[in-house]
Structures are given as structure tokens and as C-alpha cells.
Amino acid sequence: MKLLITGAGGQLGMEWMEHLEGTRHQPAGYGSGMLDITDKQAIQKVLDDEQPDVVINCAAYTAVDDAEDNRDKAFRVNRDGAAYVAEACKTRGITMVHYSTDYVFEGSERDQKKLPDGYPEHHPANPQNVYGASKRAGEEEIKRIGGDWLILRVSWLCGVYGNNFIKTMLRFSKERDELKVVNDQTGCPTFCSDLVVKTMKLVEMEKKGYFHISSAGAITWFDLTEEILKLTGRDHRVQLTAISSEEFASKAHRPAFSLLNCEKLTRAGLNQLNWKDGLERLLSRVNEIEEEL
Ligand SMILES: NC(=O)c1ccc[n+]([C@@H]2O[C@H](COP(=O)([O-])OP(=O)(O)OC[C@H]3O[C@@H](n4cnc5c(N)ncnc54)[C@H](OP(=O)(O)O)[C@@H]3O)[C@@H](O)[C@H]2O)c1
């Protein structure tokens, strides 16, 4: 199978490129400098040249806080870009895999009480920040355009490449004696390596529609940091303090609750990874890479 990866230089795109190396599948990676998904003609030309079976759309505007001031840019990439990819795939009979986010949901404490196991795929979207609204608009466009599509919503994405919360906490825990981390936002990480493997299986099973993919558990950023410190043996050296979202000012509103219910995935035969196992694996990969440097 030939897979074309957009946004191949991003966190998830790089994980895809690494994963496909040495498999029986043929990868074609396009970073943002090689293919801008807001350029309709460029997408069509690349798909005509490459003739992939599947497009894995990892390209996105992901700067959640900056999106509050750059609404047009966020919608241009996350809605219009996604739509151009969907149209080009549909007319060529190519399957499109697109990634979306937990931030399409309201994320209120009221929802947390009603949905202790998380948001299922069919729950009505109600994004509370510009990034979430732009990603939801992209989902709606892909669905409207039709064709063979798979929209995978993920949360708290973390991998060895690019920037993410776990890598930031690892760095801070080396540089600082004290860490203050929010303890009133509940969710669960999606690990890039697990996501790529599960995406590949869903593609091979020819699944279509929406799926939620995250690791199993319901934790806060504080819980995640506590475990990072424990696993790296830095828990005695770094003082960890729980704070509220109000104390940690950020431009974009962050949901109090963004747990994804992944039962549909489990029913498809793909078991959720436990978040602690995912974290351990990620930390050991980060370690290996640092040792190689
Ligand atoms: N990170 C998370 O916590 C999280 C959570 C939920 C869902 N997601 C979703 O998961 C997917 C992957 O996210 P990620 O963490 O891998 O993001 P990322 O590291 O920011 O990667 C996104 C990539 O898209 C590229 N890009 C931006 N605009 C583009 C354009 N117009 N044309 C082509 N490429 C463009 C970026 O290139 P430049 O760097 O050159 O701009 C970057 O390489 C996204 O759909 C995101 O919305 C992420």
C-alpha cells in the first residue's frame, strides 16, 4: 500500500515516517515546505504524481493559544486545507485519514458527571476555543464532501518527535526544583507510536467514519507529571505542586474534561494501551535517542 503523509515534519508525521520505514508499505512524506494543504492545485498535482492508496493528513495548525488571535489562519489550514485534501482524495478514489481532537467537545464539568467514561464519537460537538472550532469545521467539511474517510480524534498527543507536554515536563524537571501543574483538567494521552499502529490497522480493516483513540485511564496533567517524575527518579528532587487552571493563565480556554470514550475502537478489536505503559515506552525511547546524541 502506498501512503502519502502530509505534515510529515510534525510530531505525528515524523512518527509515521519512522514507522513506515522498513515495512512492506511505501511511504511518501510531504512536509509543509513541500506541500501546503491550503494550496488546492498543489494537492491535486502531488496526488496525481504519487498516486497513493491512502492520504494520512497530519498537517494542521496546532498552536492552540495563538489560534485565538489567528482565527483566519487556523480555519484556512484546519477547515479549508482539510477540505481540499478530502476533495482531491474523493475524485481520485483515495482513502483519507484525518486527525482531529478532544477539543471539539464542550469539556465541561457537567459533561464529566454525565459521561464518566468519556465522550463517545456521536456526542454533539461544542468547541470552546478557536482551534477546536477550526478542527470541528474540518471534520464537517470532510463529512460533507464524502468519499472514503476516517476521522480519528485524539487527545493530549505525545511522541518522541516535536513538542508535547511530556517532553516539556522532562526538560523542566532537569532545569527546575519546583513544578506547578494543573490538576483540574481530566483526560488521557494518545501516544503517537500507538496511534500510528492503530491507524494502520483501521486502514487495513477498511474502517470508515469516526473513531476515538487514546490510552486507557482518566488522569490530570498533574497525575501525568507525578508519574513522569516517579519513572525518571526525579520525584525526590523536584517539588510538584497542584494548581488550578485559573492559576495557570492561558489565552485559549482549556476543557476541564476531555476524556475520549474509545469503546468503538475496542469493539473493532483494538485494545487500548494503558497510559502508564505508554508513558514508560515513550520515556525509554526518549532516553535511547538522547543517548545516541
Ligand atoms: N498535539 C496535540 O496534543 C493534539 C491533540 C489532539 C489532536 N491533535 C491533532 O493531531 C494531528 C497531528 O498533530 P501534531 O501534534 O503532529 O502537530 P504538529 O507537530 O504541529 O504538526 C503539524 C504539522 O502540520 C504542518 N502544517 C501546518 N500548516 C500546514 C499547511 N498549510 N500545509 C501543510 N502542512 C502544514 C506543520 O508544519 P510547520 O511546522 O512548518 O507549520 C507541522 O509540521 C493534528 O491534526 C492535530 O490537530 C493534536
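Reader: Which element gives the largest share of the shell around the ligand?

Author: That is α1, with 3 residues of the shell. This is a predicted model, in which local features need pLDDT of at least 70 and side-chain atom pairs count only at pLDDT 80 or more, while totals for chains, interfaces and linings use all residues. Residues are numbered from 1 along each chain as its sequence is written. Helices (H or I, at least four residues) and strands (E, at least two) are DSSP runs, numbered from the N terminus.

Reader: How many residues surround the ligand, and which are the closest?

Author: The ligand is surrounded by 27 residues, and G7, G10, S32, A59 and L157 are the closest. At least two shell residues each come from α1 (11-20), α4 (71-92) and β4 (95-101).

Reader: And by class, what is in that shell?

Author: The shell has 12 nonpolar, 13 polar and 2 charged residues. Here Ala, Val, Leu, Ile, Met, Phe, Trp, Tyr, Cys and Pro count as nonpolar, Asp, Glu, Lys and Arg as charged, and the others, Gly among them, as polar.

Reader: Turning to the core, which residues have the most contacts inside the largest nonpolar one?

Author: They are I5, V55, V85 and M96, in a core of 83 residues. α4 gives the most to this core, 9 residues. Such a core is a set of buried Ala, Val, Leu, Ile, Met, Phe, Trp, Tyr and Cys residues joined through C-beta atoms within 7 Å. A residue is buried if 20 or more other C-beta atoms, placed from the backbone, lie within 10 Å of its own, exposed if 12 or fewer, and partly exposed in between.

Reader: What does I5 contact, leaving aside its neighbours within four places in sequence?

Author: I5 is in contact (C-beta atoms, placed from the backbone, within 7 Å) with G13, W16, M17, P27, G29, Y30, I56 and C58.

Reader: A change of topic: where is W156, and is it buried or exposed?

Author: W156 is in the loop between β5 (149-154) and β6 (157-158). It is buried, with 23 other C-beta atoms within 10 Å. Its phi is positive, about 45 degrees, although W156 is not a glycine. Most residues other than glycine have a negative phi.

Reader: What about E206, buried or exposed?

Author: E206 counts as exposed, with 9 C-beta neighbours inside 10 Å. E206 lies in the loop between α8 (192-204) and β10 (209-213), and its phi is near 60 degrees, a positive value.

Notes: Near = placed C-beta within 6 Å. Contact = placed C-beta atoms within 7 Å.
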